[in-house]
Amino acid sequence: MKRNEYHVVPNDGTWKVEQGSRSLGSYDTKHRAVEEGRKVAHANEPSQLVVHTADGKIETEYTYKDDPFPPAG
């Protein structure tokens with residue numbers, strides 16, 4: 001089963017949660033964006049929340065429900 005993937009990314013001085021090219025919300029702080037991103041990811045399991053730094057690099061990832069990696073076997 002494919003995971004839903006969400007990202008917390010910088011957005012011109014604010015932070016946003018997005019899924020693909022679709023913005024799900026904009027927040028004043030990164031902390032608030034991560035909180036909201038975790039709520040959305042939990043509500044749509046299996047999912048993954050990828051949190052980026054201010055320069056766009058991946059900082060951390062959260063996986064909810066079964067993680068297909070590493071694969072069984």
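**Exercise 1.** In which sense do strand β2 and β3 pair, and over how many bridges?

Before you start: this is a predicted model, where local features need pLDDT of at least 70, side-chain atom pairs count only at pLDDT 80 or more, and totals for chains, interfaces and linings use all residues. Residues are numbered from 1 along each chain as its sequence is written, and side-chain values use heavy atoms, leaving out hydrogens and water.

*Solution.* 
- Find β2 at residues 14-19; strands here are DSSP runs of E, at least two residues, numbered from the N terminus.
- Its pairing with β3 is antiparallel, over 5 bridges; strands pair if DSSP finds at least two bridges between them.
- For one of these bridges, take Glu18: its partner in β3 is Ser23.

**Exercise 2.** Work out the strand order of the open sheet, and say why one side of β3 and of β5 is left without a neighbour.

*Solution.* 
- The 5 strands run β3-β2-β1-β4-β5, with mixed pairing.
- β3 (22-27) and β5 (58-64) sit at the edges with a single partner strand each, so one side of each has no neighbour in the sheet.

**Exercise 3.** Is Ser47 buried or exposed, and what does its side chain reach?

*Solution.* 
- Locate Ser47 in strand β4.
- Its relative accessible area is 0%, so Ser47 is buried (buried means under 20%, exposed over 50%, partly exposed in between, with a 1.4 Å probe and protein chains only).
- Its side chain reaches the backbone oxygen of Ala41 at 2.6 Å.

Notes
Helices (H or I, at least four residues) and strands (E, at least two) are DSSP runs, numbered from the N terminus. A polar contact is a pair of N or O atoms within 3.5 Å; within protein, one must be able to donate a hydrogen and the other to accept it, and residues adjacent in sequence count only if both atoms are side-chain atoms.
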